[in-house]
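Please walk me through this structure step by step.

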Amino acid sequence: MERVPILKIGGVLLVSIQIDLQDQSVLALQEDLAEKISATGAHGVVIDISAVEIVDSFIGRMFATIASISRLFDADTVVVGMRPAVAITLVELGLTLGGVRTALDLERGMRILENIGRERGRTGLEAR
Amino acid sequence: MTPRSDGPEELPIRADDDVVRVRQLVRTYAQQVKLSLVDQTKLVTAASELARNTLVYGGGGFARVEIITADGRTGIRASFHDEGPGIPDLSLALADGWSSGKGMGLGLSGARRLVDEFDLDSEVGRGTVVMVVKWKR
């Protein structure tokens, strides 16, 4: 099973999915992220799916689960870079991804996390 | 009329990574007949849902993928076969939001919305076959 690497940039964890996700990799990523948020005290998670060709219900549910787990550690999650064909398919599949914040690209995603951080009195991308 | 077939190609669905292989095979076929990118994505996503069902609920089985032509149209047919417990109530299983507990209840009903043709054949104690077709537009 391939694992998805998690990078730390300041107070943000960046997950860029570059592999064809099998279900075990999805579950491993959820666990790895929970560990990493807890260990680093990150305040944000960005999941970059610009290289992901399909999002089915299992992968879609992962985004919601990761967002919920992050919330428990006072961290926010943004999913960025969704391909148009994936978005159209998700809607038709019936997956609403309620509660999952999205942004067009990585840059905007980082900005969203910065703004949330500012609202909560954190300073930008600095780690706590 | 009986569609002319090209292929078929079969892949076992015994483990997690077989689901990934099925997705890749279906995509290769979809590209071969030049389905649009959106239609490729819809078909591959449907195949992913159905292959997972075969594995998780059917206890494993196999997928068959082929190119078909009928009435001057070309399309991809993918079917998913298992010899698992079968589905006791088909209309319930196809209802949105229904789930036996492990998923979101979107697998079957969601997959059906993503394809042009959908056929579900299941017998309790014998197994399940799900067949989907996506035509090139």
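The accessible surface of chain B comes to about 6,400 Å². Carbon and sulfur atoms account for 50% of that area. Keep in mind that this is a predicted model. What share of the residues in chain B is buried? Of its 137 residues, 53% are buried.

Now look at how chain B is built. It has 4 helices and 5 strands. Start at the N terminus and follow the chain: the order is β-α-α-β-β-α-α-β-β. Next, consider which parts of chain B touch each other. Take the contacts between residues at least 6 apart in sequence. Of these, 62% join residues at least 24 apart.

Two loops of chain B deserve a stop. Most residues other than glycine have a negative phi. B:Lys34 is not a glycine, yet its phi is positive, at about 60°. Where is B:Lys34 found? Look in the loop between helix 1 (16–32) and helix 2 of chain B. Is B:Lys34 buried or exposed? Its relative accessibility is 61%. Exposed means over 50%, so B:Lys34 counts as exposed.

The second stop is B:Asp71. This residue is not a glycine either, and it has a positive phi of about 50°. B:Asp71 lies in the loop between strand 2 (61–70) and strand 3 (73–82) of chain B. With a relative accessibility of 60%, B:Asp71 counts as exposed.

Finally, turn to a place where two chains meet. Find helix 3 (residues 84–93) of chain A and helix 2 (residues 37–56) of chain B. Their axes come within 9 Å and cross at roughly 50°. Why is this pair called oblique? An angle of 65 to 115 degrees would be roughly perpendicular, and one under 35 degrees roughly parallel. The crossing angle is roughly 50°, so helix 3 of chain A is oblique to helix 2 of chain B. The crossing of these two helices is right-handed.

Which residues make the contact? Helix 3 of chain A brings A:Ala85, A:Val86, A:Ile88, A:Thr89, A:Glu92 and A:Leu93. Helix 2 of chain B brings B:Leu37, B:Val38, B:Thr41, B:Lys42, B:Thr45 and B:Glu49. Sort the residues of this contact by kind: 6 are nonpolar, 3 are polar and 3 are charged.

Notes: Residues numbered from 1 in each chain as written. Chains lettered and ligands numbered in written order. Predicted model: local features only at pLDDT ≥ 70, side-chain atom pairs only at ≥ 80, totals over all residues. Heavy atoms only, no water. Buried < 20%, exposed > 50% of the residue type's maximum accessible area, 1.4 Å probe, protein only. Contact = heavy atoms within 4.5 Å. Areas by Shrake-Rupley, 256 points an atom, 1.4 Å probe, with all protein chains shown as cover. Axes fitted to C-alpha atoms, helices over the stretch in contact; angles between N-to-C directions. Parallel < 35°, antiparallel > 145°, perpendicular 65-115°, else oblique. Left-handed = near helix turned anticlockwise from the far one by under 90°. Nonpolar A, V, L, I, M, F, W, Y, C, P; charged D, E, K, R; others polar.
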